[in-house]
Amino acid sequence: MKPEKLTTPQLQKYREKRAKDFTLIVKRDKNGSIGKDPNPERRVGQSTINRELAVLRASLKYILKTNQQVYFPLPLFPMTDERRNVRKGFLSEQQFRLRYDKLPYWGVKALTAASFYTGVRRGELRLINWDQVDFRAGVITIYDTKNGNSREIPILDGMMLESLREAKRERDRMYPGCQAAFAYNGKRLGDPKRSWRTAAEDGVANSILIHDLRRSGNRYLRDIGVPRPIRLSIMGHETDSMDKRYGIVDRTDMDIVRELHRRKQQEKTTAETTTGPKTKSRKSA
């Protein structure tokens, strides 16, 4: 179809058609060939359709901007409001521990622990090699980042340090040629969504997605008192708006507000008991 024939009703029909499609499951057979099968449990989301239309819109705008000899009217693109689609899932450290203990191998344990305690993107973690992990200094240097700027993240005591050390011992003993810090059977990890789902059990935050670890990481760093600029640096956020997006208020915040209010009321009551209630002085006639 020529660009000048594209209309808003046609784009809306595209939205409706795509919303009926199923997402694809990538499968690899014994020969290493990759195939894709429809996932009957999940349809294409509205956010995904927004991304597809955004690519088309940006392409058309680029043509108009770079080629002065071409002109066509740009239709209105029917985009859905994604503010209602913001995830609100959080994991507490105790909930994460329950899921962590059921993960099948050290590579995925280490990756999820690093994601939970630092909020770093899984895509950035998967590209880390062992020469970027400095146990002595207690830091991991990330070179391949979303914004192109390298940064360092801390290796925190507990599950993160434990799993990294065990993954390193396993690599040294069984797969000395593997450079990937987060690996399985000597090969760099793909997306561990399946392992994360498999580790779920009834009553242990089954609705929590693996991406919610990034949001939980932001909350964990905030709750232990890490200042916002440092959180932004560790997580790779460039703007406060993204930090606010991942720092969604939940019941824990409400508990903090109630506790502060209770303390204030208690101080007020104590002061009135000690000095007596304040009374207004009457003007003499």
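Among contacts in the chain (heavy atoms within 4.5 Å) between residues at least 6 apart in sequence, 62% join residues at least 24 apart. The model is predicted: local features need pLDDT of at least 70 and side-chain atom pairs count only at pLDDT 80 or more, while totals for chains, interfaces and linings use all residues. Residues are numbered from 1 along each chain as its sequence is written, and side-chain values use heavy atoms, without hydrogens and water.

The chain has eleven helices and seven strands. These are DSSP runs numbered from the N terminus, helices being H or I of at least four residues and strands E of at least two. Of the 285 residues, 33% are buried. Buried means under 20% relative accessible area, exposed over 50%, and partly exposed in between (1.4 Å probe, protein chains only).

Serine 216 lies in helix α8, residues 212-223. Its relative accessible area is 1%, so serine 216 is buried. Residues up to four places away in sequence aside, serine 216 touches Gly89, Phe90, Leu91 and Phe116.

On the surface, Arg42, Lys193, Arg194 and Arg197 gather in a patch of positive charge. Such patches join like charges within 9 Å, from residues with over 30% relative accessible area and no salt bridge. A salt bridge is a side-chain nitrogen of Lys or Arg within 4 Å of a carboxyl oxygen of Asp or Glu. Helix α7 (residues 193-198) supplies the largest share of the positive patch, three residues. Arginine 197 is found in helix α7. Arginine 197 counts as exposed because its relative accessibility is 56%.

Conventions: Patch = residues over 30% accessible without salt bridge, like charges linked within 9 Å, V, L, I, M, F, W, Y side chains within 5 Å. Areas by Shrake-Rupley, 256 points an atom, 1.4 Å probe, with all protein chains shown as cover. Lys, Arg positive; Asp, Glu negative; His and termini not counted. Charge placed at Lys NZ, Arg CZ, Asp CG, Glu CD.
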